[in-house]
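Colleague: I have this one open now. Can you walk me through it?

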Amino acid sequence: SGSFPFANRVFRCWKKGGRSSRSDHDLRRPSGLRLAQTASPRGFGSGEALRKPEPRTALSADAPDGLFALAIDEARLAELTALHAAAVEPRPVFRLALAWHLRQRETRRSVALLDEVQTALETASPQWLQRADLVRAEAAWLSADLDAARALLTPLLEPVAGGAIGCDACSLMACVAHDRGDLPASMAWIEQARSRARHGGDAQRLAVAEGMQAFWTVTADPAQAQARWGDLMAKRSADPDPLVALWSALFRGLLHGRRSEFVEAIAQFATAAELASSVGHLRRAIAACANVSAGYTNLNDHSTALHWSHRALDLARLNEWPLSVGMCLSELTLSFRRLNRMTEARQAVDEALAVLRPLKGSGTLMAVMLHAANQTLAEGDVARALAEFEAICRQGSPAEPPVLGGAHLGRAKALLQMGRTAAAAEAAQLAVTHARASHYKGSQFLALAQL
């Protein structure tokens, strides 16, 4: 990834056996890593431009389609902010566009901008009002109010909603379904988004829909994902549009991770974190940082993993999005446990469970429940840990194969410690079955070793 200095520094650091420069004392203080809480967090590197800027057309209220691209970089955001500030009477379309591009950079401010201009939007173009509803729906999704997000999105799915708005609504509906743990529904929605983008001739939205589809295919079947999407995603790694390149990096990072190619996964996810931050897609930036942390954990570099867990959590705390906060706390739990900092591990996982409990069926909640059960087992409360592992297994279909495999693996460990050898062997065999279904080599190794 030669175009991304920060990702290369991360990669070289590990290859040389380097570690985080923070002391153990500093690692206890996540505030030491907090990014500047400006209107637009500037990402992860030295501030260098990730890509050479493409020729631009001027932003104009007379050409509103240009105001509502899926993402804009910091320079474009500054231009839009200046247009809004310079107007004697700020035009509603500029305020709406600013709200759209701040929807993940500063979610609360984004919604406040919509409130200020709501009356004007109701008497303006119907598409402006629909775009405002789309921003509100995304804010609801980020806040884990999935029912509210779905209610706001449903009217936007009608053909009358227009190409870009209907496409964006389908993409966001896919994310809502994914957060509910319904991967088939999310794939169906993203296929609709892809179809609408293709029909509307929107190259950026088509590429992003394909990137999302490719990424989620990896979770179901990495071999199929590579066969169908591998060449295209590799080509798009050099795309001049950072948002298109972002999905290429996410796809390749997840694919490397499932193959247990952790150094390569780290490099791709670090690239994804930088790209996502540069265009204001902070939820993807947070997830990418958490995946970098997971990569270092798998390399037994737990201090650096903790560094990246804190970095992800600091970003998630900017807007307090429950799923993001819970996911980051979950990674933090694992890092603390591997460093034998058990009190901090328990505090982190308990907070993660409290944040995510309302999201029943969420794959993230299932993963956090697995971390909590493993933490209980590490604390020596074997009977309670067994009950927690079995509760995950009873969830059935909402839990992905890696989570179910991990739960059965935990059952096997607990049962063996209780002297129930036959039951432990049966649980270990189930762990092997689910690990194979997940196509994740690391899980297969651990399950087979336990068996």
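Modeller: Start with Leu250. Leaving aside residues up to four places away in sequence, Leu250 touches Phe215, Phe269, Ala272, Arg284 and Ala288. Bear in mind that this is a predicted model.

Colleague: Which core residues have the most contacts inside the largest nonpolar core?

Modeller: Trp141, Leu153, Leu250 and Phe251. That core has 128 residues.

Colleague: Which helix gives the largest share of this core?

Modeller: Helix H8, residues 163-179, with 10 residues. Another core lies apart from it, made of five residues, including Leu409, Val432, Ala435 and Ala447.

Colleague: Back up a bit. How many helices and strands are in the protein chain?

Modeller: The protein chain has 22 helices and zero strands.

Colleague: And what share of the residues is buried?

Modeller: Of the 451 residues in the protein chain, 55% are buried. The chain exposes about 19,000 Å², and carbon and sulfur atoms supply 53% of that area.

Colleague: What about contacts between residues at least 24 apart?

Modeller: They account for 62% of the contacts between residues at least 6 apart in sequence.

Colleague: Now H3. What span should its 13 residues have?

Modeller: Helix H3 covers residues 74-86, and at 1.5 Å a residue it should span 18 Å.

Colleague: Which residues of H3 are buried?

Modeller: Glu74, Arg76, Leu77, Leu80 and His84. Viewed down the axis of H3, the buried residues fall within an arc of 160°, so they line one face of the helix.

Colleague: Why would residues three or four places apart point the same way?

Modeller: Because an α-helix has 3.6 residues a turn.

Colleague: What do the buried residues of H3 pack against?

Modeller: Helix H4 (92-101) and helix H13 (262-278). On the other side of H3, Ala85 and Ala86 are exposed.

Colleague: Is Cys167 buried or exposed?

Modeller: Buried, because its relative accessibility is 2% and the cut-off for buried is under 20%.

Colleague: And Cys175, buried or exposed?

Modeller: Cys175 has a relative accessibility of 6%, so it counts as buried too.

Terms used: Residues are numbered from 1 along each chain as its sequence is written. This is a predicted model: local features need pLDDT of at least 70, side-chain atom pairs count only at pLDDT 80 or more; totals for chains, interfaces and linings use all residues. Side-chain values use heavy atoms; hydrogens and water are left out. Helices (H or I, at least four residues) and strands (E, at least two) are DSSP runs, numbered from the N terminus. The expected span of a helix is 1.5 Å times one less than its number of residues. Buried means under 20% relative accessible area, exposed over 50%, partly exposed in between (1.4 Å probe, protein chains only). The arc is that of the directions from the helix axis to the C-beta atoms. Contact means heavy atoms within 4.5 Å. Accessible areas come from the Shrake-Rupley method with a 1.4 Å probe; for residues, only the protein chains shown count as cover. A nonpolar core is a set of buried Ala, Val, Leu, Ile, Met, Phe, Trp, Tyr and Cys residues joined through side-chain atoms within 4.5 Å.
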